[in-house]
Amino acid sequence: MSPNSAGLAVKWGHKNPLVYVEGLPAWKKSGNPISPSIDYVANGNIVLVDLRSTAEVQKGHIPRAYSIPFGELEDAEDALPKSLGAPIYVYSDKDAEVNAARKILAELGYKNIVGFHGALDAWTGAGKPLQKGPALTATDETPINWQKKLGPGEISITDFTKSLKSDLILVIDARTPVEFESGHFPGSVSIPLEQMKARINEIPKDKFIVVHCATGGRGEIGYRMLKEEGYSVKFLNAECECSTTGSFEIW
Amino acid sequence: MKKTFLKLGLVALLVTNVFMVSEAVPGFSGVVFAADAAKVVKPADAQSVKGKISNISQKAKTIALTLSDSSFFLAKFTDETKLKGVESIKSLNVEEPVIVGYSVVNGENIATSLELIHATLPAGTKEIKTKELAELLKSNKDLLVIDSRPSIKYDESHIPGSISVPYAQIVKMGDDGAKLLEKYKDRQLVFYCGGST
């Protein structure tokens, strides 16, 4: 995208445009600051966390923010969203806290963390008011609830759980046989992704198909493969764990 | 009879719920899912394809690509798959452009080679590295950083101070796209996106 854009800029008379080929992933990796759009902070499907002290938060905070003072972040694991894919945006009035919080959250396994430096100035600078009084709080009993928006082909966790009980829906476990043996969803059928093409005749055409794996990665590939073969198919884009007793957890 | 009918109706309702309601949920259209409207690909005679990685499964030794016509291509890799431009399959990332050479064995595509394509820059442009850019941003007030990714990506996170001019948008405008950049004629432009795309 960027080299082509720069090429067009040359064509339109701009002198010596530069291309930052490594792009945003490298920018983030070297610890440089990034910022979100203010409207996205206001309305996007994100979790916003204010790291300042409760007293500071009382004086004024971004309205939808949860208050988790920096000192308490490490012990707040159970109060944070269950989904490790949840986009967590942290802010403070101290840059060092934002950077340290990013590290802590990364160690907890969160994959989508944004340190929002200069958040309060950016917010008020965009003409948005701060809210006085207590901010939202999260506890181990009432953790932050974040729900992923479904992309094409994805099935919600609720619908997935329902589909396990339906005779008209076949749930395919695309994990390896070893993973399947160590626990799987009751009613699911094991067809590892690497065998799916070869065993396509075992998959009935007159049923709806739902493919899952441990994280959603293999599930998505299976979904696409079966879609191409003309199946009515969806996949579970979530992490899950099944025990040998038939109990399971999806998040 | 009535009972059976009722039961069937319920099951049908569940199925409709699962497959229709979810369909109606407006999904975000990330690049990873861009191939959703995929056409059937029958690469029987082609020996290599070029596309962006949409998914890699180390466990299933499978790589999925989105091709330029947004169709979908799937191949298995083996220990014999020759790598070019990349150390190991593990260091490949989603969205990176690759060329996959393959042969068809028992109806499955087996990757014989896998090459990571490094971006070639158009004439009149120059590359800038991370460190240089971070320093220039502090010292050069003429600098204008332009984010070429789709605007939703820009909204999620971007280089502070950058503006959003999605590549897709200027391409759609043809030569009128020049207008989007015209007011920045006297600025030093720096374009970036999600890396090597």
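Modeller: Happy to! Let's take β6 of chain A, which runs parallel to strand β7 (residues 189-190) of chain A and is joined to β7(A) by two bridges. Strands here are DSSP runs of E, at least two residues long, numbered from the N terminus, and two strands pair if DSSP finds at least two bridges between them. This is a predicted model, in which local features need pLDDT of at least 70, side-chain atom pairs count only at pLDDT 80 or more, and totals for chains, interfaces and linings use all residues. Residues are numbered from 1 along each chain as its sequence is written, chains are lettered from A and ligands numbered from 1 in the order written, and side-chain values use heavy atoms, leaving out hydrogens and water.

At the β7(A) pairing, look for Ile172(A), which stands opposite Val189(A). β6(A) also runs parallel to strand β8 (residues 208-212) of chain A, with five bridges joining them. There, Val171(A) faces Val210(A) of β8(A).

Now for how covered the strand is. β6(A) spans residues 169-173, and five of its five residues are buried (under 20% relative accessible area, with exposed over 50% and partly exposed in between; 1.4 Å probe, protein chains only). Ile169(A), Val171(A) and Asp173(A) lie on one side, Leu170(A) and Ile172(A) on the other, and both faces are covered. Val171(A), opposite Val210(A), and Ile172(A), opposite Val189(A), therefore make handy landmarks for the two faces, since buried is defined by that 20% limit.

Note on methods
Helix = DSSP H or I, 4+ residues; strand = E, 2+ residues; numbered from the N terminus.
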